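User: Could you walk me through this protein, bit by bit? I'm new to reading structures.

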Amino acid sequence: MKEENTSLLRKLFGAWPRANSPQTERQVTTTAYSQPHVLQQKMREEKLTHGETVLASLSPVRLDKEPEGIVLYFCPMRTIKVQQTVTCGDGGIIPAQVLVEGLKVPDSLSPGYYTLKNVVLSSNGTIQVKATAETAWEKA
């Protein structure tokens, strides 16, 4: 099959690019099905509260290719490893919604389970998962 036909099919059906293609990154998002309540519960188990900001690793999370793009799911998550507390919380309730900011994955990553390392996790109005310069995806 010609390369342009393969490329068209890949675009239409959402196939992950081949490992030997030029290295690019794709934005990660969440959907209504990302199960943010699991992240909220794990934050409670770690005694995190509203207004708190920490540097942490989340493990495992699932990445999948969906029509919306690369989607992050919290359903398999078992642990939050807090490396540093940036801001203490106010003792309030952790919000239910989650937003991701700046999270990208290289095209070479395939769908599956990963440890999301070195993200800023905060909870003020929404749960925010923000990428840092040291954010990395490690196969779980």
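User: How many disulfides does the structure hold?

Analyst: A disulfide is a covalent bond between the sulfur atoms of two cysteines. Here it is taken as a pair of cysteine sulfur atoms within 2.5 Å. By that test, the number of disulfides in the structure is 0.

User: Is Cys88 buried or exposed?

Analyst: Buried means under 20% relative accessible area, exposed means over 50%, and partly exposed is in between (1.4 Å probe, protein chains only). Cys75, at 32% relative accessibility, is partly exposed. Cys88 has a relative accessible area of 63%, so it counts as exposed.

User: What kind of model is this, and what average pLDDT does the protein have?

Analyst: It's a predicted model, where local features need pLDDT of at least 70, side-chain atom pairs count only at pLDDT 80 or more, and totals for chains, interfaces and linings use all residues. Residues are numbered from 1 along each chain as its sequence is written, and side-chain values use heavy atoms, with hydrogens and water left out. pLDDT is the predictor's confidence in each residue, from 0 to 100. At least 70 is reached by 84% of the residues, and the protein's average is 87.

User: Over which residues does pLDDT stay under 50?

Analyst: Contact means heavy atoms within 4.5 Å. The model has 20 contacts beyond four places in sequence for the stretch in question, and pLDDT stays under 50 there: residues 1-21.

User: In what order do the elements of the protein run?

Analyst: Helices (H or I, at least four residues) and strands (E, at least two) are DSSP runs, numbered from the N terminus. The protein has 2 helices and 8 strands. Starting at the N terminus, they run α-β-α-β-β-β-β-β-β-β.

User: What is the angle between the planes of Tyr114 and Trp137?

Analyst: Rings of Phe, Tyr and Trp (its six-membered ring) pair if their centres lie within 6.5 Å; planes under 30 degrees apart count as stacked, over 60 as edge-to-face and the rest as tilted. A search of the whole structure turns up 1 aromatic pair. Tyr114 and Trp137 form it, edge-to-face, with 6.3 Å centre to centre and an angle of 85°.

User: Why does that pair tie together parts of the chain, and how many residues apart are they?

Analyst: Both partners are tucked away: Tyr114 is buried at a relative accessible area of 4%, and Trp137 is buried at 14%. Tyr114 lies in strand 7 and Trp137 lies in strand 8, so the pair ties together parts whose separation in sequence is 23 residues.

User: Which residues of helix 2 are buried?

Analyst: Let's start with the cover. What covers the buried residues of helix 2 includes strand 2, strand 4 (79-87), strand 5, strand 7 and strand 8. The buried residues themselves are Pro36, Val38, Leu39, Gln40, Lys42 and Met43.

User: Which residues does Glu46 contact, leaving aside its neighbours within four places in sequence?

Analyst: Glu46 sits in the loop between helix 2 (36-45) and strand 2 (53-66), and at 38% relative accessibility it's partly exposed. Its C-alpha atom is separated by 8.5 Å from that of Lys81, 35 residues apart along the chain. With those close neighbours left out, Glu46 touches Ile80 and Val82.

User: Where is Asn118, and what is its phi near?

Analyst: Asn118 is found in strand 7. With a relative accessible area of 22%, it is partly exposed. Its phi is a positive value in a residue other than glycine, near 60°.

User: Which peptide bond is cis?

Analyst: Look in strand 2, where Pro60 lies. The cis bond has omega near -25°, and it runs from Ser59 to Pro60.
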